[in-house]
Amino acid sequence: MWRLSYLEIWQSIFIQKIARMNDTRLSKAAHNLLIECARLKQSDTLLIVREKESLGWYKNDISDFILQCAEEMGIHTSLDEVGSPETNQDQNFYEKINRYSCVIFFARLGDQNRFEKKGFSTKRVMSYVRDCESLASVFGTFDYNLNILLKNAIDRLLENSNIIKIKCPLGTNLIGEIAPDNSETTEVSVLRFPLLVPKPIDAKPFSGKVVLNNYLTSTGSRFYKPNFIKINSEVTIHIENGRIADIQGRYDDVNNIQNHYAYVSQKFDIDMRAVHSWHPGIHPGAEDNKFYEYDPDKWSNTVFGQPKYLHFHTCGNYAPGEICWMIPNHTVLIDDKPLWKEGELMLDGFEHTKGLMEKHGTLKNVFSAI
Ligand SMILES: [Fe+2]
């Protein structure tokens, strides 16, 4: 006879509890984060680390709400508040994290050095959802397990390809193939909520040119200021086997870019010519660019999960590097077939992803609603 496991029984009690909350979209998102992503059980202990609301990135409503949900699940939960990623945390902070079985970051701090595995014995979850409004939207409610299926399907399509071409309306034209050791490319060591991008593609086998006309921004990995520079006119960056070979454009732009690369590479003692890897966004609910004009770094670190953008990790021979290039409305051809076409994810064009859409109506619905 089929029996419910203890976890399933307990989860169904929790689902009933949060379903009684007024907003069903919020309760769905809480379930998505706490159960499907963080896979929390009643025996877990949870630390919620939130960034000060006054810094303008995260609102307290989301950490307050998730704290309440976790406590209603019977999980022992604590809250800690941190400042900007610029502020170094002391050893006590990291020791505290390791005393909990799970920590959820509503803070940019959770993204710092996110590709490094050292020093944590705790499950970490980085939330890119920053307030309850966004939590209740497709961004927070898109089924996490479907999110994983989508990411894995796109990873597989990219990894099984022979030739990949990247183009954009400004004239970006880059060609390469999957590196034999791409499967060893490091993934982030934290769980991400939601999953916004596929696994980074190693840029070493790629050559051609990338045309930029917006900003250089930070990848959010390490803190430095200024964390962006504006590009005034179109700049063409020539790439040979994953290295910056030449930069052409208006004198002031080229000069600014070279100075910025010199500054960041010297600050962290990293390879200034490295174009390490790239990936486009995959999430149907990622927010758009309301920060574009007045906070380019926030713009870049908010919109990167949209299928409309492809970003490169540069400056530093590791993912995610320290300087990001944002390419809007890109086309990515896999063996001459578009997986992204002018910034749109073409799930219909490939057998496996088309099958996923046919099997999961919500996947089809959220992508047709973009
Ligand atoms: Fe990235």
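Visitor: Why does Lys28 count as buried?
Guide: Lys28 counts as buried because it has 20 C-beta neighbours inside 10 Å. A residue is buried if 20 or more other C-beta atoms lie within 10 Å of its own, exposed if 12 or fewer, and partly exposed in between, with C-beta atoms placed from the backbone. This is a predicted model, in which local features need pLDDT of at least 70, side-chain atom pairs count only at pLDDT 80 or more, and totals for chains, interfaces and linings use all residues. Residues are numbered from 1 along each chain as its sequence is written.

Visitor: Where is Lys28 found?
Guide: Lys28 belongs to helix H2, residues 24-37. Helices (H or I, at least four residues) and strands (E, at least two) are DSSP runs, numbered from the N terminus. The C-alpha atom of Lys28 is separated by 8.4 Å from that of Gly140, 112 residues apart along the chain.

Visitor: Turning to H8, which of its residues are buried?
Guide: They are Asp253, Ile257, Tyr261 and Val264. These residues cover an arc of only 75° around the axis, which puts them on the same side of H8; the arc is that of the directions from the helix axis to the C-beta atoms.

Visitor: And which are exposed on the other side of H8?
Guide: Tyr251, Asp252, Asn255, Asn259, Ala262, Gln266 and Lys267 are exposed there.

Visitor: What do the buried residues of H8 pack against?
Guide: They pack against strands E10 (215-218), E12 (235-240), E13 (243-248) and E16 (323-328). Two residues are in contact if their C-beta atoms, placed from the backbone, lie within 7 Å.

Visitor: What follows H8?
Guide: Asp269 does, and its phi is positive, near 55°.
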